[in-house]
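User: I want to learn how to read contacts, sheets and symmetry in a model. Can you take me through one, feature by feature?

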Number of protein chains: 2
Amino acid sequence: MINIGLLGFGTVGTGIFKILESRQEQLKRITGESISIKRILVKNLHKKRDVEINLDIITDNFDDILTDKDITIIIEVTGDLEDSYNYITESLKAGKHVVTANKKVASRYFEEFTDLADKMGLAFLYEGCVGGGIPVIKPLKEQLALNEIIEVKGILNGTCNYILTRMEEGLEYSEALKIAQQLGFAELDPADDVKGIDTRRKLRILGTLALQGRIQEEDILLRGISSIKAVDIDYIKRINSTVRLIGEIRSYEDGYTAIVEPVIVSQDSPFYSVCYEKNAIFLKGDNVGDLIFYGSGAGMLPTGNAVLEDVIDIITGSYRNGNLLGTRKLKNLNSNIKGEYYLRISKSCNDIANIMESIAKEILCRDECVVIMTRSMLLEDITNLLKAMEIKEEEYFLARRGE
Amino acid sequence: MINIGLLGFGTVGTGIFKILESRQEQLKRITGESISIKRILVKNLHKKRDVEINLDIITDNFDDILTDKDITIIIEVTGDLEDSYNYITESLKAGKHVVTANKKVASRYFEEFTDLADKMGLAFLYEGCVGGGIPVIKPLKEQLALNEIIEVKGILNGTCNYILTRMEEGLEYSEALKIAQQLGFAELDPADDVKGIDTRRKLRILGTLALQGRIQEEDILLRGISSIKAVDIDYIKRINSTVRLIGEIRSYEDGYTAIVEPVIVSQDSPFYSVCYEKNAIFLKGDNVGDLIFYGSGAGMLPTGNAVLEDVIDIITGSYRNGNLLGTRKLKNLNSNIKGEYYLRISKSCNDIANIMESIAKEILCRDECVVIMTRSMLLEDITNLLKAMEIKEEEYFLARRGE
């Protein structure tokens, strides 16, 4: 019998509980073990739950779980940052394996958790942190033995992708966001999602693994989608393309670039058909070539499924153990990032129009707002120009034209 | 030191050799072992090779490898059927793990090899048999513990996909095939590829795993792409769509359907952007939801990479052992397959035109040839009709309109 301590009983926690209940027989057959959630840590003991559970297993005291010698695996799905840091470190120190779907804490303390687990000879696994139900962390780790990873990029946030897809269908940003909130895809405060912060956390984890050297959140340039308008979608549709929020890390001989930004993707791009809350992650290895992994980027059952895949790997001993983080010193080359960009500025005056003309390959509109496709140029030069013109973040939308 | 016996030294064998040479250090770090190819079985000892090898390790006598006690892992990449059957069974009986990328033999003797390996407590792994470099067999096996797989489908043959993509660019079938042959994508006798036989082998492996019951090659309906013409591509482009050869198995409460056929995919389909020699495999699980795996469907390094991933799993003991084939008795429901179809018949007479009109939702052409979009109807009814009209296979092209 494998006893699990489950920390957090929100959407993902409930998904884990439901899947475990329904797959006992198959899990027994494949792992040779019965798997049981022995205790669940919650904030509010008296909250009404969607699923029927024995109230005896619920606790609001983490020590009940930490000191329970029968519990050998901790699943951490609280979603918070400070408490969960303590839960994870204490659990590992107490000799318990840890699986988490909490990207906030996994990104912040990635090296620390990995090192601690390695020191203790335990697993720290986090498949559910990136791409929801999509198996991508494990395949990425597996490719590392045989490949130099040259590039990793993806649509990593279901909320943004849902909003962008609904805008393609004709909604304004605020309408699409509202529906996403009603459906539970977006939080009441959507900043983490729409500003790209959540995407950046996932990219930081992917990039650190892929490039075998530490890439932290602050090493990644960031532009979200909160300033996009229906008019942008309209202009971009005219070139048979659409917009996706993409996090991308590329390796070069002398360093790397890392950015989260809106990208214009054409019908020929594999990202074009990634719609609604779906995610997709692209990897390029020097031997395996291009790989893309696509699936549900969020949701109760897909993310619960990813967490439980990690649990099975612990029980069967089939996870890659040892510390898989590399020690390469990587040089940040973000100031080299360049491309052709779509740029819309929501106000117009002679000065702005003139400056914009000077960098335009094509001018799409110059009346109330200015809309251009730029020549190939450094991103830094564009953002400096916008600063010099005193144009605020919410007054413009900038998206790179993808390959 | 892990000693490998490599059977076959063609494209994939050479890829394996090259990758192993270049990744020794990383493999040592991750597996804790040095990996060496101790012997290579070839047909012709004196053939000139692309890579420099110590001629002492080459042999044309399988017994040299079978009786070598140091060799614990056999990699079988001969591509043939009868000899390789003996190689694989003899190797397993002699206590050696087997990894193969030979889909011909893996499909034909799938249950036998799996059972034998299980009985011997050894690995029989075959990631390289399906989807070239794409990791799909292992992720599929991993999903089985937590999911009922409802559907598995994919673009599984790089040659067909290459031909179809080049036809989109304006070539006739025969021209595209010729280029594919010149580039080494297609064999001199391309029948296995263009008639869908190769796709069917891969689908049989995927389907048997996914549905946990035996689905053999003869349980799968088969139509290839050898009768397609440029005119078909033109008509299909008009509805913003293209053609892909897709193998698909669906599970129903009372059985399953299994077919390899040309499918019309629209711009919104994830298969639309799968071009040239790329492959993509779609899985639907009841918990994980939709998953798609995309990558290089063939090639020296990608397929070599897939084979070596299996080898690493054997060395690290991280493959799912035990027999993962289910024992479900599955009822074939292929006579229920229905849909809307694109149908072009390369000759016209009053009789044919009249019959075609009776099943058409839309008539696209009725002159020298007849081209229609059918109403939703049973595939069986269409093929019966074609038989009754005495229209030969090479005289028509039939493609289902995808969702």
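User: How many residues of domain 2 of chain A are in contact with domain 3 of chain A?

Analyst: Start with the test: two residues are in contact if their C-beta atoms, placed from the backbone, lie within 7 Å. Here 16 residues of domain 2 of chain A touch 13 residues of domain 3 of chain A. This is a predicted model, in which local features need pLDDT of at least 70, side-chain atom pairs count only at pLDDT 80 or more, and totals for chains, interfaces and linings use all residues. Residues are numbered from 1 along each chain as its sequence is written, while chains are lettered from A and ligands numbered from 1 in the order in which they are written.

User: Which elements give two or more residues to the side of domain 2 of chain A that touches domain 3 of chain A?

Analyst: Elements are DSSP runs numbered from the N terminus: helices (H or I, at least four residues) and strands (E, at least two). On this side they are α12 (230-237) and β10 (255-266) of chain A. The largest share, six residues, comes from β10(A). By class, the side of domain 2 has nine nonpolar, three polar and four charged residues. Nonpolar means Ala, Val, Leu, Ile, Met, Phe, Trp, Tyr, Cys and Pro; charged means Asp, Glu, Lys and Arg; the others, Gly among them, are polar.

User: What is the strand order in the open sheet of six strands in chain A?

Analyst: Strands of a sheet pair through backbone hydrogen bonds, either parallel or antiparallel. Two strands count as paired if DSSP finds at least two bridges between them. The order in chain A is β3-β2-β1-β4-β5-β6, with parallel pairing. β3 (58-59) and β6 (124-125) of chain A are at the edges, each with a single partner strand, so one side of each has no neighbour in the sheet. Inside the sheet, β1 (residues 2-7) and β2 (residues 35-41) of chain A run parallel, joined by six bridges. A:Leu6 has A:Ile40 in β2(A) as its bridge partner.

User: In what sense do β12(A) and β12 of chain B pair?

Analyst: They pair in the antiparallel sense, over five bridges. A:Phe293 has B:Phe293 as its bridge partner in β12(B). The whole contact takes 36 residues from chain A and 36 residues from chain B. β12(A) gives the most to chain A's side, with eight residues. That side has 19 nonpolar, 11 polar and six charged residues.

User: What rotation superposes chain A on chain B?

Analyst: Copies are superposed by least squares on the C-alpha atoms of residues with pLDDT of at least 70 in both. Here a rotation of 180° with 0.0 Å of shift along its axis does it, at RMSD 0.0 Å. The two copies are therefore related as by a two-fold rotation axis. In chain A, the C-alpha nearest the axis belongs to A:Ser318, 2.0 Å from it. Both copies use the same surface: 100% of the contact residues of chain A recur in chain B.

User: How many residues of α8 of chain B are buried?

Analyst: Buried means 20 or more other C-beta atoms within 10 Å of a residue's own (12 or fewer is exposed, in between is partly exposed), with C-beta atoms placed from the backbone. Helix α8 (residues 158-168) of chain B has nine of its 11 residues buried. Among them are B:Cys160, B:Tyr162 and B:Arg166. B:Gly170 follows α8(B), with a positive phi near 120°.
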